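Hi,

Here is the structure I said I'd pass on.

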Amino acid sequence: MRVTILDAGTGDHLMSLVDGTPLNDFPLHGMVAALEYDGLDGWHEGIDPKYEDPGEMPSQAGAFWPEKVFLASRLVTIRGFVALLGDGGSTVSLAAARDGVAALVGRALRVSVHDESGFREVTGYLPSRTTHTRVSGAAFKFALIIQCPDPLKYGPVVTHVLAAGVHELELENTGTGDVAFTVSTGALITSLDVQYGGNRVTWGGNSNGLVLDLADGRPLNHAGNETGYLVAADLIRIPSGRHTVTVTADAPITVTLRPGWK
């Protein structure tokens, strides 16, 4: 298993932690950053439900069903250590690693895990300061508690490139959670329409380039500014499995989807 932490805004690599499996043999000399044994919580266990309790039924057995059950945010705990091995390590490097762990606070973080399930990734932040425990002059332990507002774990991007016109596009979500997708183009576009399951998102305008992420519904140009207007803005999410989406545009477009797991 390998856990990698990146800056979500810049993509800068901040830290990689490996476990002690044969695929991740520790070096004999130098410095290693590693996971503690069973040092990853909140990743495989699923997510707590979130709903408004409708209360007990009066004068009969049972309770009312909640109107809707959502997923709460995900809380991922990473417990690791940094240690000098052999005579090739430097206490200066160890101190820099300690500073790097402390500097994770206040940043949007992208956390990816490579394990037997493949590659999956979340985005979150540290809601409190990091904690360090000095083990010796050559090692320290730490714990990172990362709050992920979007609880789904996302896999690699799947891309579909379409010419201008009307398309019945089959999208596959190999995960277990409902996911949004993104429609984009670098060409001049004046109309875009997306339909699925009786819901519809329709955009109009005149823009040289468009990025419409259905997760937030904001139509942006490539400078990051809102462009055009939404005529219809229903909620569209793709459940687990294969589903057909109707996409109509007067420009060539790219549709990208990331499967998501609860």
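The largest pocket is lined by 30 residues, and Asp-150, Leu-152, Tyr-154, Asp-178 and Arg-237 lie nearest its centre. A pocket here is an open set of points on a 1 Å grid over the protein atoms alone, where a 1.4 Å probe fits and protein lies on both sides within 12 Å along at least five of seven lines; lining residues have an atom within 4 Å of a point. This is a predicted model, where local features need pLDDT of at least 70 and side-chain atom pairs 80 or more, while totals for chains, interfaces and linings use all residues. Residues are numbered from 1 along each chain as its sequence is written, and side-chain values use heavy atoms, without hydrogens and water.

Strands S5 (70–71), S8 (118–124), S14 (181–196) and S19 (253–257) each give two or more residues to that lining; strands are DSSP runs of E, at least two residues, numbered from the N terminus. S8 gives the most, with three. By type, the lining of the largest pocket has 15 nonpolar residues, four polar and 11 charged (Ala, Val, Leu, Ile, Met, Phe, Trp, Tyr, Cys and Pro are nonpolar; Asp, Glu, Lys and Arg charged; the others, Gly among them, polar).

S14 also pairs with S18, antiparallel, over four bridges (pairing takes at least two DSSP bridges). There, Leu-192 stands opposite Ala-249 in S18. S18 (residues 241–249) is also joined to S13 (residues 165–173) by nine bridges, again antiparallel, and Glu-168 has Thr-246 of S18 as its bridge partner.

Cheers
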